[in-house]
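Student: I would like to learn how to read features from a model of a protein. Please take them one at a time.

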Amino acid sequence: MADLLELQSVSSGYGDLTIVRDVSFSVAESSVTVLLGPNGAGKTTLLRTIAGLNPLRHGSIAFAGRDLGGLRPHRRQALGLGFTQENKRIFKKLTVEQNLLFGAVRLSSRKRERQELLAEAYARFPILGDKRKQTAGYLSGGQQQMLAISMALVAQPSLVMLDEPFSGLAPSIVNDVMETVRRLRSEEGRTLLIVEQAVDLALALADSVLLLDVGRLVHQGPADEPGIRSIVESTYFGAHAANARRSTAS
């Protein structure tokens, strides 16, 4: 399986502060990779750097064999890189359909093609079809998350980056979003890079795991690797906490 995304020695941050340091990894086509790590580890900063929203201070980022250095976010999106940011970034004063058309119009000037893209979005999340004329700011938190994900997908990206897609969602909505993620990979062949604090949910979806701590990549490997939960726990809570939990379980 070929690599769709490749990072080499990437460093990035905000102002004079370096958050991500010397990170290298690759993401295979048609796979689900989850990026885990404690709060403040640099996960969101790394996604924003890939998307072009944060400056690349050092290293290189290649997407589908093309160096992304110097490309603005909209150019990266046009190449097939989709990004759903945390906190449900939508246009709350516009209707659901107007939000979706924002992405569809950028992809196609033909009305028929735009309508086909909308139909796909409503097939993924039928509740959005039911509420297509409703102002997006009046949707529930879970529905707003569905809309944010759909806004990224309507541009037909080959790589979809999701920043905490399950945050604050009711269990029933989490199940809907998880099933959509699974279908994106299995039925549509898309590649996903997901940042998520809910470790169990993330590991249930993942093919590969990246573990970030204090801006550095401390582990990468398959999601079904023996002992992966202990490795994650050691990074999140420290080795002592992980050992104590295993002793209690036994």
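Student: How exposed is P222?

Tutor: At 41% relative accessibility, P222 counts as partly exposed. P222 belongs to strand β10; helices (H or I, at least four residues) and strands (E, at least two) are DSSP runs, numbered from the N terminus. This is a predicted model, where local features need pLDDT of at least 70 and side-chain atom pairs count only at pLDDT 80 or more, while totals for chains, interfaces and linings use all residues. Residues are numbered from 1 along each chain as its sequence is written, and side-chain values use heavy atoms, with hydrogens and water left out.

Student: Which residues does P222 touch, not counting those up to four places away in sequence?

Tutor: Contact means heavy atoms within 4.5 Å. By that test P222 touches D207 and S208, with residues up to four places away in sequence not counted. The C-alpha atoms of P222 and T33 are separated by 9.0 Å, and these two residues are 189 residues apart along the chain.

Student: Is T33 buried or exposed?

Tutor: T33 is buried, with a relative accessible area of 2%. T33 lies in strand β3 (residues 32-36). Leaving aside neighbours within four places in sequence, T33 is in contact with V27, L192, L193, I194, S208 and L210.

Student: Which residues of α9 are buried?

Tutor: An α-helix has 3.6 residues a turn, so residues three or four places apart point the same way. In helix α9 (residues 228-237), the buried residues are I228, V232, E233, T235 and Y236. They cover an arc of only 165° around the axis, which puts them on the same side of α9. The arc is that of the directions from the helix axis to the C-beta atoms.

Student: What span should helix α7 have?

Tutor: The expected span is 1.5 Å times one less than the number of residues. For the 16 residues of α7 (residues 171-186) this should be 22 Å, and the end C-alpha atoms are 22 Å apart, which agrees. The buried residues in α7 are I173, V174, V177, M178, T180, V181 and L184. They cover an arc of only 160° around the axis, which puts them on the same side of α7. On the other side of α7, P171, N175 and S186 are exposed.

Student: What covers the buried residues of α7?

Tutor: The cover includes α4 (111-124), α6 (141-153), β7 (159-163), β8 (191-195) and α8 (199-205).

Student: How many residues are in the largest nonpolar core?

Tutor: In soluble globular proteins, nonpolar side chains tend to be buried together. A nonpolar core is a set of buried Ala, Val, Leu, Ile, Met, Phe, Trp, Tyr and Cys residues joined through side-chain atoms within 4.5 Å. The largest one here has 42 residues, and those with the most contacts inside it are L36, L100, L147, V177, L192 and I194. A second, separate core of 27 residues includes L4, I50, L71 and L193.

Student: Where is L128 found?

Tutor: L128 is found in helix α5 (residues 126-130) and is buried, with a relative accessible area of 1%. Leaving aside neighbours within four places in sequence, L128 is in contact with V96, Y122, Q143, M146, L147 and S150.

Student: What does the secondary structure of the protein come to?

Tutor: The protein has 10 helices and 10 strands. Buried residues make up 49% of its 250 residues.

Terms used: Buried < 20%, exposed > 50% of the residue type's maximum accessible area, 1.4 Å probe, protein only.
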